[in-house]
Amino acid sequence: MPWNWRYEDSDGKPVEGPAEAFSNQADAESWIGQTWRELQGTGVSSVVLVEDDRVEYTMSLAPRE
């Protein structure tokens, strides 16, 4: 089952982002760990990890204060 990321803006609305697919959760998380800064620079505020149609979790890309 493929794992994918969905991308959202600060209002939680979908935005375009790389259409990457991963064979497991660990690979998806490793990829986002390497690319989140670039995504943030393009207006992505949060990402949603999805396995098929099931949402695993949502994660903010905002810096911690």
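Reader: What makes E4 and E5 a hairpin in this structure?

Author: In this predicted model, strands E4 and E5 form a hairpin with two residues between them. In the turn, Asp52 has a positive phi of about 55 degrees. The two strands pair in the antiparallel sense over six bridges, and Val47 stands opposite Met59 in E5.

Reader: How do you know that E4 and E5 count as paired?

Author: Pairing requires at least two bridges between the strands. E4 and E5 have six bridges, so they meet the requirement.

Reader: Why is Glu51 called buried?

Author: The term buried applies under 20% relative accessible area. Glu51 has 16% relative accessibility, and therefore it counts as buried. Glu51 is found in strand E4. Leaving aside neighbours within four places in sequence, Glu51 is in contact with Met1, Pro2 and Trp3.

Reader: What makes the approach of the Glu51 and Arg54 side chains a polar contact?

Author: The distance cut-off is 3.5 Å for a pair of N or O atoms. The polar contact that joins the side chains of Glu51 and Arg54 is 2.6 Å, so the distance falls within that cut-off.

Reader: Which strands are joined to E1 by bridges, and how many bridges join each?

Author: Strand E3 (residues 21-22) is joined to E1 by two bridges, with Trp3 opposite Phe22. Strand E4 is joined to E1 by six bridges, and here Glu8 stands opposite Ser46. Strand E2 (residues 14-15) is joined to E1 by two bridges, with Tyr7 opposite Val15. E1 runs antiparallel to E3, to E4 and to E2. E1 and E2 also form a hairpin, with five residues between them; Gly12 in its turn has a positive phi of about 80 degrees.

Reader: Why is the pair of Trp5 and Tyr57 called edge-to-face?

Author: Ring centres must lie within 6.5 Å, and planes over 60 degrees apart count as edge-to-face. The centres of the Trp5 and Tyr57 rings are 6.1 Å apart and their planes are at 75 degrees, so the pair is edge-to-face. The pair links distant parts of the chain, since Trp5 is in strand E1 and Tyr57 in strand E5, 52 residues apart.

Reader: Why is the pair of Phe22 and Trp31 called tilted?

Author: Planes under 30 degrees apart would be stacked and over 60 edge-to-face. The planes of Phe22 and Trp31 are at 45 degrees, with ring centres 5.6 Å apart, so the pair is tilted. Both Phe22 and Trp31 are buried. The count of aromatic pairs comes to two.

Reader: What makes up the largest nonpolar core?

Author: Twelve residues make up this core, among them Trp3, Trp5, Tyr7, Phe22, Trp31 and Val44. Strand E1, helix H1 (25-41) and strand E4 each supply at least two residues. The largest share, four residues, comes from H1. Val44 touches Tyr7, Glu8, Val15, Glu16, Leu39 and Leu61, not counting residues up to four places away in sequence. In soluble globular proteins, nonpolar side chains tend to be buried together.

Definitions and conventions. Residues numbered from 1 in each chain as written. Predicted model: local features only at pLDDT ≥ 70, side-chain atom pairs only at ≥ 80, totals over all residues. Heavy atoms only, no water. Core = buried A, V, L, I, M, F, W, Y, C linked by side-chain atoms within 4.5 Å. Buried < 20%, exposed > 50% of the residue type's maximum accessible area, 1.4 Å probe, protein only. Contact = heavy atoms within 4.5 Å. Polar contact = N/O pair within 3.5 Å; in protein donor to acceptor, adjacent residues only side chain to side chain. Phe/Tyr/Trp six-rings, centres within 6.5 Å; stacked < 30°, edge-to-face > 60°.
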